[in-house]
Amino acid sequence: MSSKIGDNGWIEGSVWKVGNNINTESITPSRWLHEGVDVLMEHIGELLIPDFPAKVKKGDLWVGGTNLGCSSSRNAPRFLKKKGIGAVLCNSASRIFYRNAINEGLPIFEIGMEVEKINMGDRIRINVYTGEITNRTTRIGIKAKPYPDFIMQIVEAGGIGNYIRSHKSEYKLLK
Amino acid sequence: MPFTAVEKILMQHSVDKLDTVSPGDFVTANIDYVGFHEGNDALVFKMFEEAGELAGVWDRDKVGMFLSHHFCTGLSDEFAANQKIAREWAARLGIRIFDFGTGICHILIMEEGLAYPGALCLFADSHATAYGAVGAMSTTAGTEMVQVLLKGHLWFKVPTTHKYTIEGKARKGVYPRDVVQHIVREVGLDASVYSAIEWDGSYIHSLPVPLRFPFSLMSVELGAKCSFIEPDKITLDYIDRRVKAPYEVVKTDPDARFEKTYHFDISDLEPQVCAPSSPDNTKPLSETLGVKIDQVCIGTCTGGSIDDLREAAKILKGRRVKARTLIIPATREANLQCAAEGLLQIFVESGCDLYPPFCGTCQTLCVGHLAPGEVQIHPGPRNWQGRTAEGSYSYLASPATCAATAIEGHIADPRKYLQEVKE
């Protein structure tokens with residue numbers, strides 16, 4: 001399998017876990033969003049996890065409960081990715097958050113109640129192509145449903161912008 | 001095979017001309033109208049620049065840019081510069097622009113007849129579920145709007161459908177805004193994640209179209225992908241002078257399958273107030289009476305229609321407000337109607353301040369900023385932390401409850417003022 005993500009599709013990081021019905025305002029508050037990206041990056045997620053902006057490391061995982069990223073359509077996945085988040089796992093995602101993540105090339109998997117097997121700070125290894133998830137802290141394995149091909153292509157391209165650019169001949173309105 | 005209205009709309013718009021779909025299927029579908037506002041369009045335009053010179057959009061008549069959604073005025077040099085870019089792009093691409101003063105995008109799309117029965121619409125904002133009020137299927141798109149602008153279609157997952165039936169006649173002082181937040185509390189914010197919500201029942205079909213917006217628009221507060229209210233005579237009268245495109249009313253088949261069904265009888269419901277800081281933290285008004293309020297906003301997408309403003313004016317007429325009170329009609333049409341009916345006079349005489357149409361203080365992005373420790377009440381859809389300054393709080397209530405609260409300076413019951421109104 002050709003792979004453009006991680007090490008043969010594997011990425012690994014520590015877990016930052018939030019609860020159910022976490023809305024995008026609390027991840028990327030309006031008051032910081034409109035101060036510009038640099039200021040937002042200093043405050044992203046702090047309403048939920050005060051340590052998050054200072055301590056998150058590249059490749060870490062954002063893990064949520066049901067209806068993750070509900071409410072406003074602001075592109076919270078874009079900013080989580082920019083902050084270093086490598087993948088998102090949740091019980092269920094809000095539709096807008098889910099599609100924003102795909103379109104930013106940020107892998108996101110809905111794993112239902114299996115998310116209960118993941119705790120704050122756990123080390124998680126995840127394969128973006130196969131949906132295999134290993135909790136290295138608890139040694140528990142989880143299986144997420146892999147993406148259909150056409151979604152995988154967008155994720156693999158790094159988001160919809162890159163995807164369109166790499167398929168420019170199909171877009172007659174682009175010079 | 002029976003289908004829901006949303007399934008039929010997706011089939012009718014499918015690029016592959018599908019004659020059957022099931023929940024969970026992926027469908028690529030042609031779009032009838034797309035819009036974006038000042039909050040998300042900056043990202044879209046940035047992507048255009050990154051992706052190369054754009055030669056045009058797939059159909060300029062099916063695209064609109066709405067600058068008067070979150071803001072009613074410029075805020076900074078940078079903001080003004082972004083607005084200038086947006087206006088220049090609109091001119092270059094030949095797409096219609098709805099500039100400052102026009103009002104809230106979702107309401108405008110229905111007022112302008114851009115969403116209509118059977119249409120498939122997208123907007124780069126979460127409350128795009130609103131156009132179900134006129135029998136359209138509408139939902140949100142983010143940066144993938146670039147794909148839509150270039151090709152006119154997008155992929156969808158066919159949603160399951162949940163049916164919410166609301167029966168009964170509301171008591172005096174109880175409005176759709178009360179009913180919808182009661183329902184959000186009853187079923188929860190994740191009751192209908194990724195599903196279509198079909199609103200039905202004698203209560204829904206008794207309402208004028210603008211008072212159906214709280215249900216269709218706040219469907220997203222229940223997690224829904226889109227909403228649908230079957231067009232009836234009231235709908236067709238509303239859209240008659242507005243819609244120019246040919247359309248055909250789409251209805252759910254009588255034996256179509258719903259994944260979940262909810263039934264409510266709201267005959268005994270009292271006014272409801274949603275307390276800080278989540279749209280499901282709703283309580284009966286009686287439990288919140290007396291909470292001190294610093295600022296009242298009467299307006300927003302779920303409280304700024306002419307029907308809403310008339311109710312507020314009934315209560316405010318001949319009285320003075322104690323809290324600072326902002327009147328913000330949802331659109332210019334609502335504003336003009338207020339002027340024609342003498343409501344603006346009532347508002348100013350009662351000590352309220354008039355603002356041009358836009359979102360209002362549901363997020364304090366350009367007016368009505370709160371200091372830490374201050375509390376506001378408004379009829380908008382959301383009161384999450386992060387939408388106003390840290391340490392400030394928002395209650396949500398009907399425009400009538402907001403008006404009574406403005407008069408007393410603390411959360412108050414609108415019914416005592418309505419008793420005195422001769423209708």
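Which residues of strand E10 (residues 226–229) of chain B lie on one side and which on the other, and are they buried or exposed?

Modeller: Happy to! This is a predicted model, in which local features need pLDDT of at least 70 and side-chain atom pairs count only at pLDDT 80 or more, while totals for chains, interfaces and linings use all residues. Residues are numbered from 1 along each chain as its sequence is written, and chains are lettered from A and ligands numbered from 1 in the order in which they are written.

Your strand is covered on both faces: Cys226(B) and Phe228(B) sit on one side, Ser227(B) and Ile229(B) on the other, and all of them are buried. Buried means that 20 or more other C-beta atoms lie within 10 Å of a residue's own, with 12 or fewer counting as exposed, anything in between as partly exposed, and C-beta atoms placed from the backbone. In a regular strand the side chains alternate between the two faces of the sheet. Strands here are DSSP runs of E with at least two residues, and helices are runs of H or I with at least four, numbered from the N terminus.

E10(B) also has a parallel partner: four bridges join it to strand E9 (residues 196–200) of chain B. Within that pair, Ile197(B) stands opposite Ser227(B). Two strands count as paired if DSSP finds at least two bridges between them.

An open sheet of five strands runs in the order E4-E3-E2-E5-E6, with parallel pairing. Its edges are strand E4 (96–98) and strand E6 (137–140), each of which pairs on one side only. Ignoring direction, neighbouring strands of this sheet are turned by 20 degrees against each other on average, with axes being lines fitted to C-alpha atoms (for helices, over the stretch in contact) and angles running from 0 to 180 degrees between N-to-C directions. In this sheet, strand E2 (residues 33–37) and strand E3 (residues 63–66) of chain B are joined by four bridges, and Gly35(B) faces Gly64(B) across them.

Now for two helices of chain B. Helix H13 (residues 399–408) has nine of its 10 residues buried, among them Pro399(B), Cys402(B) and Ile407(B). The buried residues of H13(B) pack against several elements, including strand E14 (295–299), helix H10 (306–316) and helix H14 (415–419) of chain B. Just after H13(B), Gly409(B) takes a positive phi of about 80 degrees. H10(B) has eight of its 11 residues buried, so it is largely enclosed by the rest of the structure. Its buried residues include Ile306(B), Leu309(B) and Leu316(B), and also Asp308(B) and Glu311(B). Their packing partners are E14, helix H11 (332–340), helix H12 (343–349), H13 and H14 of chain B.

Stepping back to the domains, the assignment for chain B gives domain 1 (5–245 + 259–264) and domain 2 (273–415), with bounds from an automatic or database domain assignment. Their centres, taken over C-alpha atoms, are 24 Å apart. In domain 1 of chain B, 36 residues are in contact with 31 residues of domain 2 of chain B, where contact means C-beta atoms, placed from the backbone, within 7 Å. Helix H4 (105–111), helix H6 (176–187) and helix H8 (213–217) of chain B each give two or more residues to the domain 1 side, and H6(B) has the largest share, six residues. That side divides into 17 nonpolar, 13 polar and six charged residues; Ala, Val, Leu, Ile, Met, Phe, Trp, Tyr, Cys and Pro count as nonpolar, Asp, Glu, Lys and Arg as charged, and the others, Gly among them, as polar.

Finally, chain B as a whole comes to 14 helices and 18 strands. Its radius of gyration is 21 Å, close to the 22 Å that the globule rule gives for 423 residues, so chain B is as compact as a globular protein of that length; the radius is taken over C-alpha atoms, and the rule is 2.2 Å times the number of residues to the power 0.38. Along the principal axes, the C-alpha atoms fill a box of roughly 60 × 55 × 40 Å. Buried residues make up 57% of the 423 residues. Of the contacts in chain B between residues at least 6 apart in sequence, 77% join residues at least 24 apart.

Terms used:
Two residues are in contact if their C-beta atoms, placed from the backbone, lie within 7 Å.
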